[in-house]
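These are my notebook entries on a single chain. I set down each item as I looked it up.

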Amino acid sequence: MGKRRQGITRRQVIAGFFAILGLFMLITYVPPALSGDSQVSRIALAVPQPIIAFPTAWSLTITGIIMLIAGGLGLSNRVHRWADGLLWTSAVLLFPAILIWAAAGKQTNATVMLSESLRLGTPLALGALAGIWAERSGIINIAIEGMMLMGAAFGFAIFVFTGQIWIGVLGAVVIGGVMALLHGLLSISFRTDQIISGTVVNILAIGITGYLRRQYIVTEGGGRVTLSSLSTMIADAGFPDLARSLDSIPVLGTIIFGGKPIFFAMLLLVITTHIVLFMTRWGLRTRAVGENPKAADTVGIAVNRMRYINLFISGCIAGLGGAWFSIETVGNFDDGMTAGKGFIALAAMIFGKWMPFGAFGGAMLFGFAEALGTRFQILQVQVLGGPVPVQFLQVIPYVLTMIVLAGLIGRAVGPAAVGKPYEKQ
């Protein structure tokens, strides 16, 4: 019997990426480094100090050497004890290397960029948590996009008519839960295919929010509070800074404690979700319903009721993510303003392998990708003799989503019963 042929492993694919990247960096930056290139990249770690000046050519040359060695060891069939450590080191060095390259001859602020990454990752983390609550109980929730869009529209509309921000946020949470119940009615009670059900909710959300904006927010709502003055109104009467006293802490204060309430709510929900799912009876039952509903039913767990409740919680969290767009960030509502973030949130959930902290990490990775595109525009990064097109920078998060979904993260298997309707025998 012939020897079974082994294919290329995911570890070798990652190692190959770093080997090619390291070789490219060496070819590009070794000549200027040896010729005494004096160009530096100034990276600020706080406002206004300290600022660290990195010799651009030498910094990227050293990084390239580390990546090339890590890639070479990772590609070899023989597993070297240093390979994994160097691959992780290369992954960590990739982010400062990008900043040093982008800031060549200029100055940028790493602290502000990290803070921006956390801010932009907030709705993605909320969407990923919404997906975890639903899918851990066995319901595929691709309707997160629609729930977030409805939360953004109705939360903003309620705020316009009442003038009370917290009522607007509460309205966003409630409407997200209502849309989740609609998804549950179709997929749990009527046993409709859950992908189709979620798609219906997304399409419905696009139509309803567009009608709401044209007929009420812009016309009747504008009679009380003009849209042009709404951002000022939010700044004057809106969200207080929950951690004002901690904002002055060097570096960490700017990154974490300069956020707004929905950002802090997201952090709290990450911790709460982990505790509830893995340290409580409710979480045990939720996971049982998502893995083996028949066995759960046998021991007296009401499977469909558990799924309804968890799906409602999922919708409420997604609605809160919608409020981030229209109330906490923009101070306005535009058609389709969620711009596919609900689907990227699902990618973050898969990246985190249906674990709250893993999903949070995935969301922050996508947030960093979006912040990086903005930073490139500010620094006017030049590639091939011209600035990087804005359209290219805008697609960075979506390209990263495809890479993640292509399986670069390793084997990611969801709950066994996800997507399967359950009918009590």
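**Entry 1: Cys316.** I began with Cys316, which I found in helix H13; helices (H or I, at least four residues) and strands (E, at least two) are DSSP runs, numbered from the N terminus. The model is a predicted one, in which local features need pLDDT of at least 70 and side-chain atom pairs count only at pLDDT 80 or more, while totals for chains, interfaces and linings use all residues. Residues are numbered from 1 along each chain as its sequence is written, and side-chain values use heavy atoms, with hydrogens and water left out.

Is Cys316 buried or exposed? Cys316 counts as buried, at 15% relative accessibility; buried means under 20% relative accessible area, exposed over 50%, and partly exposed in between (1.4 Å probe, protein chains only). I then listed what Cys316 touches, not counting residues up to four places away in sequence: Val173, Gly176 and Gly177. Contact here means heavy atoms within 4.5 Å. I also noted that Gly171 and Cys316 are 145 residues apart in sequence, yet their C-alpha atoms are 9.7 Å apart in space.

**Entry 2: the chain.** I counted 17 helices and 5 strands in the secondary structure. Of the 425 residues, 47% count as buried. Among contacts with a separation of 6 or more, 78% join residues 24 or more positions apart.

**Entry 3: nonpolar cores.** A nonpolar core is a set of buried Ala, Val, Leu, Ile, Met, Phe, Trp, Tyr and Cys residues joined through side-chain atoms within 4.5 Å. Which members of the largest core touch the most other members? They are Met266 and Phe333, in a core of 81 residues. H4 gives the most to this core, with 13 residues. Apart from it I found another core, of 13 residues, including Leu87 and Ile100.

For Phe333, again leaving out residues up to four places away in sequence, I recorded contacts with Leu149, Ala152, Ala153, Phe156, Thr209, Arg213 and Ile217.

**Entry 4: helix H5.** H5 covers residues 144–162. From first C-alpha to last, its 19 residues reach 26 Å, close to the 27 Å expected at 1.5 Å a residue (1.5 Å times one less than the number of residues). H5 is largely enclosed by the rest of the structure, because 15 of its 19 residues are buried. Gly163 follows H5 and has a positive phi, near 75°.

Entry 5: Arg191 is not a glycine, yet its phi is positive, about 55°. Arg191 lies in the loop between helix H6 (165–189) and helix H7 (194–224), and is partly exposed at 40% relative accessibility. Ala339, also not a glycine, has a positive phi of about 50°. The loop between H13 and helix H14 (341–351) holds Ala339, which is partly exposed, with a relative accessible area of 37%.

**Entry 6: Asp297.** I located Asp297 in helix H12 (residues 293–298). Asp297 is buried, with a relative accessible area of 16%. Leaving aside neighbours within four places in sequence, I found Asp297 in contact with Val303, Tyr422 and Lys424.
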